[in-house]
Amino acid sequence: MRVLHIVEGTSVDGPGLRTSIYLAGCRHHCPGCHNPESWAMNGGEQRSLDELMEVIAYNEAPVTFSGGDPLAQPVELEALTRRIKQELGYNMWCYTGYTWEEIVERPELMAVMRNIDVLVDSRFILEQRDTKLRFRGSHNQRIIDVGATLANGTITLWSD
Ligand code: SF4
């Protein structure tokens with residue numbers, strides 16, 4: 001996978017201390033994006049799934065995928081999240097610029113949803129920016145409980 005960087009023990013990308021993995025590539029190009037240097041699909045460096053699993057297991061912490069848009073590498077992300085779920089059982093959050101409604105139309109993106117716990121969806125909208133929001137940048141973005149949403153058949157928001 002193309003990885004921009006890994007932050008170990010962060011508390012800003014979800015509840016508790018987490019391992020945050022920032023993946024390269026984003027096609028949404030939201031005006032006001034905080035990290036446009038993350039957009040290049042060939043940015044960062046190539047890391048194998050085994051290497052990433054080693055870092056994640058060493059930290060013994062829940063995991064957040066951010067970027068960039070992690071769903072820009074859906075096949076690799078599905079393989080990694082499946083291994084984390086099966087081998088480690090860690091809680092996983094994923095940020096994306098896609099909306100849930102767009103994701104359900106794309107089988108390769110839905111495959112990732114079956115492995116993760118929480119999705120923070122939707123593009124960043126500068127006019128709806130609010131720095132006081134918890135774990136998201138603009139009001140249109142939703143923190144979705146993926147398991148409950150799949151079970152209920154309707155978008156169900158996460159709460160702690
Ligand atoms: S989805 Fe995120 S990384 Fe991509 S352009 Fe929008 S704010 Fe930036």
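**Close-up views of a predicted model**

**View 1. Surroundings of the ligand.** C26, H28, H29, C30, C33, W39, G68, G97 and F124 surround the ligand, each with a heavy atom within 4 Å of it. This is a predicted model, in which local features need pLDDT of at least 70, side-chain atom pairs count only at pLDDT 80 or more, and totals for chains, interfaces and linings use all residues. Residues are numbered from 1 along each chain as its sequence is written, and side-chain values use heavy atoms, with hydrogens and water left out. The shell around the ligand holds five nonpolar residues, four polar and no charged; Gly counts as polar.

**View 2. The residue H28.** H28 lies in the loop between β2 (18-23) and β3 (45-46); strands are DSSP runs (E) of at least two residues, and helices (H or I) of at least four, numbered from the N terminus. H28 counts as buried because its relative accessibility is 15% (buried is under 20%, exposed over 50%, partly exposed in between, with a 1.4 Å probe and protein chains only). Leaving aside residues up to four places away in sequence, H28 touches D69, G97, Y98 and R123 (heavy atoms within 4.5 Å).

**View 3. The residue H29.** H29 is also placed in the loop between β2 and β3. Although H29 is not a glycine, its phi is positive, about 50°. H29 counts as partly exposed because its relative accessibility is 43%.

View 4. The bond from G67 to G68 is cis, with omega near 15°. G68 belongs to the loop between β4 (63-67) and α2 (74-88).
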